[in-house]
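Please look over the sequence and the model first.

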Amino acid sequence: MTRAEQKERTRQAIINAAFSQLSAEKGFASLSLREVAREAGIAPTSFYRHFADMDELGLTLVDEAGLMLRQLMRQARLRIEKHGSVISTSVETFMEFVAENSNVFRLLLRERSGTSAAFRAAVAREIQHFCAELAHYLRKQTQCPPELAQLQAEAMVTLVFHTGADALDAPREHYPQLTRRTIMQLRWLAHGAASYGRKQPD
């Protein structure tokens, strides 16, 4: 293994260690550098070879969380191209992500309205990326105007994130009900957007 590969592996170990320390009771602001370093199997002083401080690590976690979610939804769209409902497959994929990566999604929710302006801006950027990719997909599938696709994408992302927040504190047996409810809500939204798009200007 090269020195660069070892450095990247250690950096990823720090990121994974930080994610593993998060929980419903413990947010990023409660993490200490020593805790993260110990979980990653490195000395606290080695942390600074990879991140300037805990704030830089936190911003990296937000970027990683957003990237993980976007990559998963891209995979869902590939599954849709082969078979399945756009909305059903997307919601089911999202709910799987929340169930399997609750700490990751919880970080996005917490820092979206947290006390750090830099963290809030980072989460806002990730959500904007998410909306932009969805809007592009909607334009391609429905041929609707860019403005309408963007509005629909933003509404859909807001609704899905709200469901994700509900799911974090819900028993796993409630997930199917949350999934069905969200699918129905998104279908109503999509029908409304399609109807609005067909209307002639006043």
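## The enclosed cavity

The lining of the largest cavity consists of six nonpolar, one polar and two charged residues. In this count Ala, Val, Leu, Ile, Met, Phe, Trp, Tyr, Cys and Pro are nonpolar, Asp, Glu, Lys and Arg are charged, and the others, Gly among them, are polar. The model is predicted: local features need pLDDT of at least 70 and side-chain atom pairs count only at pLDDT 80 or more, while totals for chains, interfaces and linings use all residues. Residues are numbered from 1 along each chain as its sequence is written, and side-chain values use heavy atoms, with hydrogens and water left out.

A cavity is a set of points, on a 1 Å grid over the protein atoms alone, where a 1.4 Å probe fits but cannot get out; a pocket is an open set with protein on both sides within 12 Å along at least five of seven lines, and lining residues have an atom within 4 Å of a point. Grid points are joined across faces, edges and corners, and a volume is the space filled by probe spheres set on the points. The structure holds one cavity of 30 Å³ or more. The volume of the largest cavity is about 50 Å³. Its lining is made by Gly66, Leu69, Arg70, Leu108, Val123, Glu126, Ile127, Phe130 and Phe161.

## The chain as a whole

Helices (H or I, at least four residues) and strands (E, at least two) are DSSP runs, numbered from the N terminus. The chain has eight helices and zero strands. Its C-alpha trace spans about 65 × 35 × 35 Å along the principal axes. Of the 202 residues in the chain, 42% are buried; buried means under 20% relative accessible area, exposed over 50%, and partly exposed in between, with a 1.4 Å probe and protein chains only.

## The largest pocket

The largest pocket has a volume of about 550 Å³. Its lining has 28 residues, and Val86, Ile87, Leu138, Gln152 and Met156 lie nearest its centre. Elements that give two or more residues to the lining are α3 (54–82), α4, α6 (117–142), α7 (146–168) and α8 (175–198). Helix α6 gives the most, with seven residues. By class, the lining of this pocket has 18 nonpolar, six polar and four charged residues.

## Aromatic rings

Rings of Phe, Tyr and Trp (its six-membered ring) pair if their centres lie within 6.5 Å; planes under 30 degrees apart count as stacked, over 60 as edge-to-face and the rest as tilted. A search of the whole structure finds seven aromatic pairs. One of them joins Phe94 and Phe105 edge-to-face, at 5.4 Å centre to centre and 85° between the planes. This pair links distant parts of the chain, with Phe94 in helix α4 (residues 86–100) and Phe105 in helix α5 (residues 102–112), 11 residues apart. Both Phe94 and Phe105 are buried. Together with Phe130 and Phe161, they form one aromatic cluster. Phe130 and Phe161 are also among the residues that line the largest cavity.

Elsewhere, the charged end of Arg172 sits over the ring of Tyr175, 5.2 Å from the ring centre. A charge sits over a ring if NZ of Lys or CZ of Arg is within 6 Å of the ring centre and within 35 degrees of the ring normal.

## Spans from the UniProt record

UniProt positions are given in the numbering used here, feature names are shortened, and annotations may be inferred rather than shown by experiment.

| Record name | Residues | Helix and strand | Distance of end C-alpha atoms |
|---|---|---|---|
| domain: HTH tetR-type | residues 9–69 | 61% helix, 0% strand | 21 Å |
| DNA-binding region | residues 32–51 | 40% helix, 0% strand | 14 Å |

## Single residues

In helix α2 (residues 33–40), the buried residues include Leu33, Glu35, Val36, Ala37 and Ala40. Just after α2, Gly41 takes a positive phi of about 80°.

Gln143 lies in the loop between α6 and α7. Its phi is near 60°, a positive value in a residue other than glycine. Gln143 is exposed, with a relative accessible area of 66%.

Ala122 is part of helix α6. Is Ala122 buried or exposed? Ala122 is buried, with a relative accessible area of 1%. The C-alpha atoms of Ala122 and Gly66 are separated by 9.5 Å, although the two residues are 56 residues apart along the chain.
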